[in-house]
Amino acid sequence: MTDINCLLAGLARLLVPVLLLIFWHKRTGARIFPAIAAFLVCLPVFTIAGLIRTGFTQNDLLSFCLKQGLLYGIFEEGSKYLVLRFLLSSYDDRRDAVTYGIGHGAFESFSGGIACINLISTGRAAPDILPVNLFTAVEGEAFAIALTVLIFYGIQTGRSKIMLPIAIFLHFISNATTTLYSFSTPIIVIKSTVITAGICYVAYRCFLK
């Protein structure tokens with residue numbers, strides 16, 4: 001049963017972003033390319049951030065969590081800003097911001113899906129691998145989309161000096177606390193739900209303006 005759960009967990013991580021993108025495109029007519037661009041941009045961004053992260057020592061857990069959270073906050077949200085501001089400037093519809101967020105979340109979900117599938121037949125998978133990864137797939141997409149909308153809102157309204165640091169800070173808080181409380185799945189689920197729900201609400205209000 002565990003191997004089946006590994007497979008299902010992997011498929012959930014791989015398919016949720018794809019199905020969400022299809023739904024968003026069909027529902028709103030949003031363009032697909034921003035999602036593809038986001039996915040491709042994430043490869044060098046996560047590679048460079050990962051190389052820098054290898055230099056962090058874990059002797060002090062709190063310090064490690066803070067540095068890792070800040071690192072990925074700056075790299076991920078900073079790359080979103082640069083791409084949306086300079087490379088995809090013609091994609092100036094708020095729907096494009098959602099599409100870009102879906103693509104960004106898809107990259108993270110893709111690596112998680114492959115990791116789940118690789119656990120098949122190893123006996124190292126946790127019993128709750130399926131529900132945890134299903135939650136992560138959905139919450140991860142919501143988180144990526146919401147922060148992207150905030151950055152896009154800043155660009156479109158000329159408030160990037162405010163919105164970009166806010167996005168980086170929110171990413172930092174979420175990432176740092178996830179690593180810090182990684183020993184407890186219930187705490188992570190509750191924490192992620194509360195933080196992401198709050199960010200989604202603010203992003204939704206910005207999306208409507």
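## Basis of the description

Residues are numbered from 1 along each chain as its sequence is written, and side-chain values use heavy atoms, with hydrogens and water left out. Because the model is predicted, local features need pLDDT of at least 70 and side-chain atom pairs count only at pLDDT 80 or more, whereas totals for chains, interfaces and linings use all residues.

Helices here are DSSP runs (H or I, at least four residues), numbered from the N terminus. Buried denotes under 20% relative accessible area, exposed over 50%, and partly exposed the range in between (1.4 Å probe, protein chains only).

Isoleucine 199 touches Phe143, Ala146, Leu147, Leu150 and Leu170, not counting residues up to four places away in sequence; contact requires heavy atoms within 4.5 Å.

The 21 residues of α6 should span 30 Å at 1.5 Å a residue, and the end C-alpha atoms are 29 Å apart, which agrees. The expected span is 1.5 Å times one less than the number of residues. Buried residues of α6 include Met163, Leu164, Ile168, His171, Phe172 and Asn175. The cover over the buried residues of α6 includes α3, α5 and α7.

Helix α7 has 24 residues and reaches 34 Å from its first C-alpha to its last, close to the 34 Å expected. Its buried residues include Ile188, Lys191, Ile195, Ile199, Cys206 and Phe207. Among the elements covering the buried residues of α7 are α1, α4, α5 and α6.

## Salt bridges

Three salt bridges are found in a search of the whole structure, the criterion being a side-chain nitrogen of Lys or Arg within 4 Å of a carboxyl oxygen of Asp or Glu. One of them joins the side chains of aspartate 96 and arginine 31 (2.5 Å, N to O). Aspartate 96 lies in helix α4 and arginine 31 in the loop between α1 and α2, so the pair ties together parts that are 65 residues apart in sequence. Aspartate 96 is buried, with a relative accessible area of 2%, whereas arginine 31 is partly exposed at 36% relative accessibility.

Glutamate 77 forms a salt bridge with lysine 80, with the closest N and O atoms 3.2 Å apart. These residues are three apart in helix α3 and are therefore separated by about one helical turn. Both glutamate 77 and lysine 80 are buried. Aspartate 93 and arginine 95 also meet in a salt bridge (3.0 Å, N to O); aspartate 93 is partly exposed at 25% relative accessibility, as is arginine 95 at 30%.

Glutamate 141, in helix α5 (residues 129–157), is buried yet has no salt bridge. The nearest side chain of opposite charge, arginine 13, is 8.3 Å away; Lys and Arg count as positive and Asp and Glu as negative, while His and the chain ends are not counted. A polar atom of the glutamate 141 side chain lies 3.0 Å from the backbone nitrogen of alanine 106. Beyond its neighbours within four places in sequence, glutamate 141 is in contact with residues including Val16, Pro17, Leu20, Ile102 and Ala106.

Threonine 99 belongs to helix α4 and is buried, with a relative accessible area of 0%. Its side chain makes a polar contact of 3.3 Å with the side chain of tryptophan 24. Such a contact is a pair of N or O atoms within 3.5 Å; within protein, one must be able to donate a hydrogen and the other to accept it, and residues adjacent in sequence count only if both atoms are side-chain atoms. The backbone oxygen of arginine 31 lies 3.5 Å from a polar atom of the threonine 99 side chain.

## The α4–α5 loop: Thr122

Threonine 122 is placed in the loop between α4 and α5 and is partly exposed, with a relative accessible area of 33%. A polar atom of its side chain lies 2.6 Å from the backbone oxygen of leucine 119, and the backbone nitrogen of arginine 124 lies 3.3 Å from a polar atom of that side chain. Threonine 122 and aspartate 3 are 119 residues apart in sequence and 8.6 Å apart in space, C-alpha to C-alpha.

Note on methods. Helix = DSSP H or I, 4+ residues; strand = E, 2+ residues; numbered from the N terminus.
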